[in-house]
Amino acid sequence: MQIGVVMSIFAVGPLGSRPYIGKFIDRYGARCTLRYGGGILTGCTLLYAFAPGLIWIYPIRIIHGVSMVFHSTASNAIVASSTTSENRGGIIGLFGISRAVAFGISPILRSFTLDMWGHKTVFIVAAVVGLAAMILAKFGGECSEVEIETNRAALKEFLQDRTLIFVTVAMFLLTLAHGGLTTFIPIHVKERMAGNLGTFYLVYSLSITLVEIF
């Protein structure tokens, strides 16, 4: 139950911030927005390391969710705008490989770090990686404010587009299933099957990588 709450409360951040961050990207640019995601992620990761109790984890998870919206929305916007409509699906698939590979490598590195130096070091190393991402994003472009209309027009267009509505509902259902499995399967593998979580995530990421290519 505690793990479920910690995983689920993460969604509060995206729910409250995604519309505003989308508007922020439209106004200031996606490339510079990556820096904010990296900065917030670095701060949250350090806070995890020094949180004195579970009650402190909840607000950190919410802020962590906001950081995810910054970098995931901005990176998708960059990839979508940097290619032609004919090749967009293939390019987005290839771009997704970087996430899949990182998702497979990270748990193994974390397990090694945990065994060698303990929990706090895992978070500190992750914070350093987030800081490196923030620095790299600095070279992606500066923030430059542009005049845009309010996002009411975009909301109206979204609500009137049946395709977007059906796709959104479908994604909600798929994510509902995937989110539950993401929380439950690692516990199941570790406790019921005595499996290695690093290997589990590596196999998972390899399957994603192979599918993303095609």
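**Close-up views of a predicted model**

**View 1. Helix α3 passes helix α6 in a left-handed crossing.** In such a crossing the near helix is turned anticlockwise from the far one by less than a right angle, and the helices here are DSSP runs (H or I, at least four residues), numbered from the N terminus. This is a predicted model, in which local features need pLDDT of at least 70 and side-chain atom pairs count only at pLDDT 80 or more, while totals for chains, interfaces and linings use all residues. Residues are numbered from 1 along each chain as its sequence is written, and side-chain values use heavy atoms, with hydrogens and water left out.

**View 2. Helix α3 (residues 30-50) packs against helix α6 (residues 119-138) at an angle of about 165°.** Their axes, which are lines fitted to C-alpha atoms over the stretch in contact, lie 8 Å apart. The two helices are therefore roughly antiparallel to each other, a term used for angles over 145 degrees between N-to-C directions, on a scale from 0 to 180 degrees.

**View 3. The largest nonpolar core has eight residues, namely I21, I25, A30, V66, V69, F70, A74 and I78.** A nonpolar core is a set of buried (under 20% relative accessible area, 1.4 Å probe, protein chains only) Ala, Val, Leu, Ile, Met, Phe, Trp, Tyr and Cys residues joined through side-chain atoms within 4.5 Å. The elements that give two or more residues to this core are α2 (12-28) and α4 (54-81), and α4 gives the most, with five residues.

Terms used:
Parallel < 35°, antiparallel > 145°, perpendicular 65-115°, else oblique. Buried < 20%, exposed > 50% of the residue type's maximum accessible area, 1.4 Å probe, protein only.
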